[in-house]
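Biologist: Could you walk me through this one? I'd like to ask about the fold, the helix packing and a few loop residues.

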Amino acid sequence: MKQEMANEIVFFDLETNVPRKAGQKFWVLEFGAMVVCPRKLVELESYCTLIRPGDLTAVGVKSGRVHGITRGAVLEAPTFEEVADKIFGILNGRIWAGHNIRRFDCVRIREAFKEIGRPAPEPVGLIDSLGVLSEKFGKRAGNMKMASLATYFGLGEQKHRSLDDVRMNLEVLKHCATVLFLESSLPNVLEDQWQHDLSPSITTRSRSNILESSVSSSMSKQWPQKTTTTMMTTRSKSKPYGQETSRKSPSSVLNHHRVVPYPTGSLGQMTEKVKSILRNARNTPLNNLIKHSHTLLR
């Protein structure tokens, strides 16, 4: 039985209050989990429960989210201590999976068990989809919030309820895995397709660095001393302590740039320069030529 559990993956998610000032603590308000067979991705069992916190004033009378948890919803719910056995049984000895669970959910679970004086469950492995997708899928869907990934694939609105979010997490992973599988089948054709589909003014850090370098080096050969390159980088503003979006939100950096490789001048001069590029392009790779032509037409 233990060996079978060790080969099962449990996707889980917590909903908590949002501390509004320093010194306030997190209270687990809802726990949701789904045990999955990794070979067939079928749901073996699921469990979800609201949890009444030790301090009811930590939960708003009205929720700031459409589907959020209110004080009235948890008023008659069991305490964490009352559901601890069930939560321990579903988590302990299995592979844990979820979005940003390494930094948030795992920490909250251990805190909750410590609060009631009991040892916390332990995983045999950990899969954090935030880390996996950041490395493998990149920023093609924008930031790495679950809501953004779900919107990218047309999976609907994130509910911010534990079991709903757990099931959405698995669907997002299925879609991302399919895309990556297809790209690996034809890497030279599909691998960078998403980058070409991005707006020309918004790129990832690695993409902007490569593009800026290639454009600058190639254009400087055509117009030495006249190339002007402008790049503006904006970073997401730091959010105040306890803001609700910081709970599951990874930091994101987008580079905004616009390259202006040609000098001001007459249309005739510009035409001659374009002709010069075309004459020298006989031995130029097609991708580079396309990049240059796109730059000129901006």
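This is a predicted model: local features need pLDDT of at least 70, side-chain atom pairs count only at pLDDT 80 or more; totals for chains, interfaces and linings use all residues.

Modeller: Residues are numbered from 1 along each chain as its sequence is written, and side-chain values use heavy atoms, with hydrogens and water left out.

Biologist: How many helices and strands are there in the protein?

Modeller: Helices (H or I, at least four residues) and strands (E, at least two) are DSSP runs, numbered from the N terminus. By that count the protein has 12 helices and 8 strands.

Biologist: What share of the residues counts as buried?

Modeller: Buried means under 20% relative accessible area, exposed over 50%, and partly exposed in between (1.4 Å probe, protein chains only). Of the 298 residues of the protein, the buried share is 37%.

Biologist: And what share of the contacts between residues at least 6 apart in sequence joins residues at least 24 apart?

Modeller: A contact here means heavy atoms within 4.5 Å. Among the contacts between residues at least 6 apart in sequence, the share that joins residues at least 24 apart is 66%.

Biologist: On to the helices: is H3 parallel or oblique to H4?

Modeller: Two packed helices are described by the angle between their axes and the distance between the axes. The axes are lines fitted to C-alpha atoms, for helices over the stretch in contact, and angles run from 0 to 180 degrees between N-to-C directions; under 35 degrees counts as roughly parallel, over 145 as roughly antiparallel, 65 to 115 as roughly perpendicular and the rest as oblique. H3 (residues 80-91) and H4 (residues 101-115) pack at about 130°, with their axes 11 Å apart. That angle makes H3, relative to H4, oblique.

Biologist: Which classes of residue make up the contact of H3 with H4?

Modeller: H3 brings Phe-80, Ala-84, Ile-87, Phe-88 and Leu-91, and H4 brings Ile-109, Ala-112 and Phe-113. Ala, Val, Leu, Ile, Met, Phe, Trp, Tyr, Cys and Pro count as nonpolar, Asp, Glu, Lys and Arg as charged, and the others, Gly among them, as polar. The contact has no polar and no charged residues, but 8 nonpolar.

Biologist: How do the residues of the contact of H5 with H7 divide by class?

Modeller: From H5 come Ser-129, Leu-133 and Lys-136, and from H7 come Asn-169, Val-172, Leu-173, Cys-176 and Leu-180. By class they divide into 5 nonpolar, 2 polar and 1 charged.

Biologist: How far apart in space are Phe-137 and Cys-176?

Modeller: Phe-137 is in the loop between H5 and H6, and is buried at a relative accessible area of 1%. Not counting residues up to four places away in sequence, Phe-137 touches Val-132, Tyr-152, Phe-153, Cys-176, Val-179 and Leu-180. Phe-137 and Cys-176 are 39 residues apart in sequence, yet C-alpha to C-alpha their separation is 7.0 Å.

Biologist: Which side chain does the side chain of Asn-143 make a polar contact with?

Modeller: Asn-143 is found in the loop between H5 and H6 (146-152) and is partly exposed at 22%. A polar contact is a pair of N or O atoms within 3.5 Å; within protein, one must be able to donate a hydrogen and the other to accept it, and residues adjacent in sequence count only if both atoms are side-chain atoms. The Asn-143 side chain reaches the backbone nitrogen of Lys-145 at 3.2 Å. Its side-chain partner, at 2.6 Å, is Ser-148.

Biologist: Is Asn-17 buried or exposed?

Modeller: Asn-17 sits in the loop between E1 (9-16) and E2. A polar atom of the Asn-17 side chain lies 3.1 Å from the backbone oxygen of Lys-25, and one lies 2.4 Å from the backbone nitrogen of Trp-27. With a relative accessible area of 5%, Asn-17 is buried.

Biologist: What is the phi of Leu-41?

Modeller: Leu-41 lies in the loop between E2 (28-36) and E3 (43-50), and is partly exposed at 39%. Although Leu-41 is not a glycine, its phi is positive, at about 55°.
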